[in-house]
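Okay, thanks everyone, let's get going. Have a look at the model on the screen while I talk you through a few things in it.

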Amino acid sequence: MAVRGIQRFPQNQYVDAVRWLPIESALERLAVVALFDLDSDASSIQIHSLNLNQSSLEPYSSWASPSRISSLKASHFLNKPLIVASTSGGSLHLLFSDSSDASFQSQVSLPEGSLHSVPASSVDLLDGGVQCVTAGEDGKLNLVAISDSNLNYRRLFDSAGLVSYTAVRWASPSEFATAGYGFTLHWWDHRKPGGPVSHFKANWDKKFTSGIVHSIDIHPSRKHTCLAGGSLGTVFAWDLRWQQQPIILSGAGAGSGNNAIQSISESEVWEVQYDRCIKSNTSSTRILPSMICSEDGILGVIEQGEEPIELLAEPCAINSFDIDQHNPTDVICSLEWEAVAILTRQ
Amino acid sequence: MAKELLRLDNGTSCTAWNYSGTRLAVGSSDGTLSIFDSRHPPSSSSLLSTFKSRILEGNIVNIVWLPPEYGDAVACISADGIVSLWEEVAEDSHSLQWKMCKSFGNSSSKVLDVRFGVSSTGLKMVAAYSDGNVRVFELLDSLELRNWQLQAEFQNVIESVSAFGKASCVSASISWNPQKGGGQESSFLIGFNSNTSELNSSKVWEFDQAHQRWLPVAELALPEDKGDEVHAVAWAPNIGRPYEIIAVATRKGLAIWNLGLNPDQNGRLSVERVALLSGHEGLVWQMEWDMSGMTLATTGHDGMVRLWQANLNGVWHQQAAFEPTS
Amino acid sequence: MPSDTGGNGSLVPFSGDSTAVYPLHHGLASPIRRISISFSCGNSLRLSLFAAASAKIVEVKLSGEDNEISDAHRRRIAYGSVAPFAMLQSRRSSLSALLKTPSPYHSDWWEHVLQYSKEIGSLLGGPKLTPSPIIENPSAIVKGGEEATSLKAAWELIEMFYVDKQSQAWLPERLVDWLADYDSLFTSTHETIHGKLVDFEKELVNIQVIEDDPRYWDLLSSALSVGWLDIVAKMLRLHGSYQLDQLSHREIENGLVEAVALLISQMPHLRPESVGKLGECYKSKPDFIKAWEKWRSQITKLDCSPYWIQCDNQQTREGLRNLLQIMLGNSESLCMATCYWIELYISHFLYIRPFTMGIESMYNLAQKCIQLKPRSSTHRLSGLMIGILEENTEVVLAECSREFGPWLVAHAIELLTAGSEQAEMLLHEERYSLGGISIAELHRLVYAQILSSHALTWQIAPIYLTSCMKQGMGLLENLLYRQSVQHNDVLLKNIEICRLYELDHISSNIMKIAGVYHWKHGRKGAGVFWLQQAQDASCLDRIAQQLFDSVGKSISDENFKQWEGMIELLGSESKPAGGLEFLHKYRDFKKSLQKVSVGKSTDAARQAVGSLILLMKNPSTPQRFWLPLLYDSLKLLNWQDCPLLSVSETNLLLNKLQELSLAKLRPQYTEPSLPSDALSSIRLALAINLGRAILDE
């Protein structure tokens, strides 16, 4: 799984998020890039066309966003690429794109302030559907669905600021998980409103160090396990069936209890995703391999019981990444220094 | 070179940026306080108005932000000498709003200037009054800006002279030692523009922990200049110099003082005037140091903005000037 | 001007001798009545301009950067410089640790610096502008390129003179190459050979008989004078005698052109290799001298050739013989052929003093050339070059600082000190007049300030600040303190920098600011989290008091779920949560009480009693909760099956009731909102329990 090539593309703007656009095409590779120009205060979502042989990443089409993108997901609906973005202004946008020319066809949105009060919110899109769940630092959870070419939302829960949510991820069409401060994870079922059906707080660490979970992932084949990455290089998995025993894969708790676990990073893990590239034995009880990116510039792969593999060590932070669904050897990541990097594995 | 950030209405009388330069408080002559927030901190390109309300009867002449450790709060000083503290809070289920939490001063004893300093024991506020008094208030509860206690009251004189006539002060200027943390005792600098010459010269006051009192530890004026009215003072951030730098503006010009760090046997700090610079036709409005304490920016009666630096030999000189033109 | 600077001659002006006055266009209708100022992060100054009818806020960036490079490109250079700079610093510290001497300079230190210099140089532009013809277009004489910048030219110049020891032997030849790359830059201020060539090239299509145009011959001699042999060769090929229909009757003329062209192509050079360029290269000086003398004798021979008389084209004859004069080092011809002093200077190296090695007497020659080619306007590279030739580090620094800005100074200091003990002393000596820092540190601080003033570059300022021994950390603390805490990602990046440089006091201060910010803005969970991280016990205690009020008011069984997450966050007792741990226990108690109300299990009830006793014993449980707690527990106190509390436990609770009745007398006591008979029913329940417990024991 060695790195075959890495290409960096300066954007001359801050890259807020990157995703691959999941389209099956032999000809084209498309990436969605959320950009922010500090000098003009303008935000945009752009579709870029990638040509690795000519090492070019050229913008195809662009959509101006009313404010900075705080969370970005790309999926497809009825064979058409669909992009969903939540902004720091509390708005939500669904962009439908045309797979033939990668242009933006239509967009529906909920205006600023309707879903969340500032600052940041996270959004997830149900695979193959248009059902979204949003979670914000203001402690609100919303379900958003499209109907009559409008977006409708339902407030699922409001913690009134007592709890802030930093990440959200669907587990099944009715269940999802949220993450928050103090390495907490909550499990929700939107058929049972009023509160989480299960919650977890990591307190493996007896020192004063705690942290925030920034990103979670749930594998379609193992819906009972929630993978989480956050402060102090922490990556852990929470299995609903063994509630209070997290499986620590890297970071904070790793050093104290079990010295065998090596930390891949000591700083913020900004994003975590199951690595679809590695074919693991699905019947195994082990946690599936995952990829992380971190504030100290690491892009790496973690597998339970194995040495972590460092794919990339940049001099600046890697703020987000995405593994291509159709070519899982290819990873796109956003670099703090106004650039996008594309990594190809063997 | 200059980038426009905001245009404001008629009647704007003063502005103040918060610690991170992402929030701007604006005061108006009709007593209106407005708050503008950067939409995407730390970028300051688009400022949005998030609050606007008439909070005082008179003209707001100055606004001072409280240190961020105590929340998002400002002190507004009105032309008739009333200071009111306003704080942005979300109480219980209510949405975010600005609320008044305290006011100081009255018509007989007007507040001329206030400044906040963070000491090891908490937040302190120094207020200079028109009758020549200096009062130091202490915040009792770090999360509650309503409860202040008067810690000390004194006049800006080195020796306690028994009597001088009733003082009448036009303006005062206060600057805390910007040093944060460390074992240092908190200290500040104050100078007056008054009819009583003893009060005028800027003096450095330090808190004497052992006796729980404020003591003058240095006077920043040459013997022949002691009665000069002080227009502005500014204590430079010290990022590692073996001495402090303080700027004092009087009608004679802009003086740069070096202040020693270690007191002599009388508890006094050594002072040396290293430069007397002229500019602004003798009337300085405001002085500000940059975060390294290497550049001093001043504005004054001549309508110019001037920048001052020391050269490699430590000689202070004017580095650049900006002249507003339409 | 300052009144007390008279006679105090400054070593080097910080930048500029006289104060620059910049206009500040505000566009307001009425004149400005008042201005207020505020320094933002770094060197960005915010001005509020108040006019009679309106006001305006502007931001002014006080940097000496020029406009040659766009902001985005400048940021790319800033990002790219971080790794080489950090690498060089770490090499220096490991070397000085190894050698255990105050000076880290090892004999081959310059090799590290050269590597650093090459890496930085590559950031400043890609392929160089080359004046050699690349495209097979006969009219294209000069190849244009966008990438040549004065910044890159300055960097290469400094590298050439201060770092690259290997090429010191053929320094003049490097200067020739340098001029070939960057002559075009000087066109902005005055006439240059490059500029003239470009102009001529444009008109080429309109010229019928090129050799009749005097500019053709002028330019040939100009290009030859600065050693652009390829251009000369190419231009000679344009000579009319090469045209097929002319060859027959212009044989001799063509032969002479060809002879000159051949000599030009054979010109010897003292340099290691030639990359596809005309001329012959010699690595050793004796070989070179031998070849040179042979070449010169061939020129002299050609100059005396009888064929000149047979050449009937006067222009060709005179033009070619002038080229020979150039090659023979006729100083008058060289002076005529060149436009400004650097070109003349280069031509002297090529043709008059070909055996010059190293930097010796280069300055005198430069002065002579400047006298011969005086200019009213001088290019900024010219000033830098004079400083370098003068071997005056102060002037070089001052030029870099004034003309190219803080980035160049901060990075070029490494080059300036690479080989010179004296420069090393000058730049690293700590000066009281600078507040105890060295000139090198001062310039790094200045550059770090520039970085600090932009939201995308402030995070790299710490790399430079931590290389400043005296004042870097102080400035870093101020920088970190001034970052906004509103956005988690910025906040966490900030805290990460604190962690890297072990600035724990700063990070707890930042966390406290974040905690208070979130708490006061209604995000109570986030507020508590950050205050816990900051270990701010006093704030947490105050928060506990406020929370108790809300809890007392609002914790009912229905909205308990809302609080659940918050209490969960408060965590176990080991956290410095102040009185907040009470809430955690209270939650446990409420939970067990809930279980009791659902079932009738005595075990569950016993557990609840355990929680109750823990709460009542704990000193952090606020007094005002005692009565509500006991009232909530009435069911336990009146448990049917058996008495749940032992004698001593009952006595403990009775004592608490006693304490409460005393507290009631104090003025600050607040009555809990309970039914009027609450106290009496508790008393009664306790009394009955006590009786049953005594009987049991």
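Predicted model: local features only at pLDDT ≥ 70, side-chain atom pairs only at ≥ 80, totals over all residues.

Residues are numbered from 1 along each chain as its sequence is written, chains are lettered from A and ligands numbered from 1 in the order in which they are written, and side-chain values use heavy atoms, with hydrogens and water left out.

So, chain C. We get 33 helices and six strands there, taken as DSSP runs numbered from the N terminus (H or I, at least four residues, for helices; E, at least two, for strands). The chain has 697 residues, and 57% of them count as buried. By buried I mean under 20% relative accessible area; exposed is over 50%, and partly exposed is in between, with a 1.4 Å probe and protein chains only. Now contacts, meaning heavy atoms within 4.5 Å: of those in chain C with a separation of 6 or more, 63% link residues 24 or more positions apart.

Now find helix α25 of chain C, residues 524–534. How many of its residues are buried? It's 11 of 11, and that includes C:K524, C:W530 and C:Q533.

On to salt bridges, that is, a side-chain nitrogen of Lys or Arg within 4 Å of a carboxyl oxygen of Asp or Glu. Over all chains the structure holds 60. One of them runs between chains, from C:K56 in strand β4 of chain C to B:E4 in strand β1 of chain B, at 2.9 Å, N to O. C:K56 is buried at 6% relative accessibility, while B:E4 is partly exposed at 37%.

Next, chain B. B:R273 and B:D225 pair up at 3.9 Å, N to O. B:R273 sits in strand β21 and B:D225 in the loop between β17 and β18, so this pair ties together parts 48 residues apart in sequence.

Then there's B:D228 with B:K252, closest N and O atoms 2.7 Å apart. B:D228 is in the loop between β17 and β18 and B:K252 in the one between β19 and β20, so here the parts tied together are 24 residues apart in sequence. B:D228 is buried at 8%, and B:K252 is partly exposed at 35%. Through shared partners, B:D225, B:D228, B:R251, B:K252 and B:R273 end up in one network.
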